[in-house]
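Please keep the sequence and the model open while reading.

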Amino acid sequence: TVGKPIKCKAAVCWAAGEELKVEEVEVAPPKANEVRIHILHTGICHTDEYTRSGKDPEGIFPVILGHEGGGIVESVGEGVTSVKPGDHVIPLYTAECRECKFCKSGKTNLCGKVRATQGKGVMPDGTSRFTCNGKSLFHFMGTSTFSQYTVVADVSVVAINKEAPLNRACLLGCGITTAWGSVVKQPGIKGSSVAVFGCGAIGLGVVQTSSLVGASRIIAVDTNPGKESWATKMGATDFVNPTKLPEGKRIQDFLVEITDGGLDYTFDCTGNVNVMRAALEACHKGWGVSTIIGVAAAGQEISTRPFQLVTGRTWRGSAFGGVKGRTELPGLVEDYLAGKVKVDEYVTHHRKFDEINAGFHDMHAGDCIRCVVDM
Ligand code: NAD
Ligand code: AHE
Ligand code: ZN
């Protein structure tokens, strides 16, 4: 198959708001500095649903979604030295070229090399590798893992230990790594108090990692009462359901009261801008830091009284947890294999590829942390 197009199945989203359709697609061979990957498993992240639904201002259709995959390199284009056929890999929606202004700054994991074309749904040369019945399809987040074969830039993929089962390690392509990085990259969390808003895979990962680094108190907040046992299992010391507070009591005021002035660190893992505000305002005066991880819909904006910041609270955010994928993911996979980082626990649902839409429905049902699709 090397150098030739491959025919395989992919889940195509033809238009915003439509269900995915599993179709036969043609995947062109990788060009220079590109890698073609046989995807074996993929998670479904809330961000896939966000773009499918039409809430993503960057969304373009028809598209092959998916950004939490695991697979094996099938072939590589000219000039690729970082991975080789047979390598077990995780595609990276946050590339790492190690040469651009961002990568060299030492201040961010964002990379400038392929982000512009990635956002337009094409490869760095401006074209797509996917066609369906002769019609070109867009790539998504530089990964498009809802296809049995995908093509990514060589700066957007990392090889990992072959001993890691890809049907679980795929979750390190987004959810768990995002959560892990958002905590370990903030040095002060050991011995501090933390509140986590939203207990999906991302929020539970933040709870887990806060516990791992030694936070003194971890308050999990979710409107779904079913999340209490999950949060406790991942290390939360308290659980608060904001819908069960006394009439008129705001969640931020409640948290400030029970923590003697507020939290040292808070995290939004919901994507709801009102929750983001509550997370900021639940921070302690003088030093509290609130991190936005959730992704909000087009047109949504955050607000608070500037006085909240004047009096020493910090509002920040992170993408992929601030993690540089090519440099840091192999080590995180080792931590998983050594039992230091939980991954298996997050997989509550499995689906065959033909049932991928059911996997999206699972996500809304409330008892699903992650659904892994077997390709
Ligand atoms: P999820 O839907 O599985 O989890 C969200 C949780 O929030 C649910 O348990 C839900 O009950 C809870 N929730 C909803 N409204 C709430 C409220 N008002 N107060 C408290 N809890 C509430 O989603 P997920 O896959 O865990 O992703 C969470 C968010 O993170 C999404 O917005 C996703 O797009 C985003 N995300 C961002 C990054 C990044 O790099 N920044 C990476 C992955 C995911
Ligand atoms: N396209 C959206 C933004 C979506 C977004 O913020 N994505 C996160 C990753 S979410 C993974 O589940 C991210 O990495 N952002 C940084 C980046 O470069 O996209 C919009 O609002 O336009
Ligand atoms: Zn994601």
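How far apart do the end C-alpha atoms of residues 201–333 lie, and what are the helix and strand percentages of the span? The end C-alpha atoms lie 17 Å apart, and the span is 38% helix and 15% strand. The model is predicted: local features need pLDDT of at least 70, side-chain atom pairs count only at pLDDT 80 or more, and totals for chains, interfaces and linings use all residues. Residues are numbered from 1 along each chain as its sequence is written, while chains are lettered from A and ligands numbered from 1 in the order in which they are written.

**Annotated domains**

- UniProt, in an unreviewed entry, places "domain: Alcohol dehydrogenase-like C-terminal" at residues 201–333.
- The UniProt annotation "domain: Alcohol dehydrogenase-like N-terminal", also from an unreviewed entry, covers residues 32–160; over these residues the chain is 14% helix and 28% strand, with end C-alpha atoms 22 Å apart.
- UniProt positions are given in the numbering used here, feature names are shortened, and annotations may be inferred rather than shown by experiment.
- Helices (H or I, at least four residues) and strands (E, at least two) are DSSP runs, numbered from the N terminus.

**Helices α5 and α6**

- The axes of α5 (residues 175–184) and α6 (residues 201–213) come within 8 Å and cross at roughly 40°. This angle makes α5 oblique to α6 (under 35 degrees is roughly parallel, over 145 roughly antiparallel, 65 to 115 roughly perpendicular, and the rest oblique).
- Axes are lines fitted to C-alpha atoms, for helices over the stretch in contact, and angles run from 0 to 180 degrees between N-to-C directions.
- Residues of α5 that meet α6 include W180 and V183, and those on the α6 side include I202 and V206. The residues of this contact divide into 9 nonpolar, 6 polar and no charged (nonpolar: Ala, Val, Leu, Ile, Met, Phe, Trp, Tyr, Cys and Pro; charged: Asp, Glu, Lys and Arg; polar: the others, Gly among them).

**Covered helices**

- In α5, 9 of the 10 residues are buried (20 or more other C-beta atoms within 10 Å of the residue's own; exposed means 12 or fewer, partly exposed in between, with C-beta atoms placed from the backbone).
- The buried residues of α5 pack against several elements, among them β3 (34–43), α6 and α11 (325–337).
- Helix α9 (residues 273–281) is largely enclosed by the rest of the structure, because 7 of its 9 residues are buried; R277 and E281 are among the buried ones.
- The cover of the buried residues of α9 includes β10 (193–197), α8 (251–258) and β15.

**Exposed strand residues**

- R316, in strand β15 (residues 314–317), counts as exposed because it has 12 C-beta neighbours inside 10 Å.
- Leaving aside neighbours within four places in sequence, R316 is in contact (C-beta atoms, placed from the backbone, within 7 Å) with V289 and T291.
- E24 is found in strand β2 (residues 21–27) and counts as exposed, with 11 C-beta neighbours inside 10 Å.
- With neighbours within four places in sequence left aside, E24 is in contact with K7 and K9.

**Backbone geometry**

- Most residues other than glycine have a negative phi, and most peptide bonds are trans.
- F61 and P62 are joined by a cis peptide bond, with omega about -5°; P62 lies in the loop between α1 (46–53) and β4 (69–76).
- N133 has a positive phi, near 50°, and is exposed, with 8 other C-beta atoms within 10 Å.
- S144 has a positive phi, near 40°, and counts as buried, with 31 C-beta neighbours inside 10 Å.

Note on methods: Contact = placed C-beta atoms within 7 Å.
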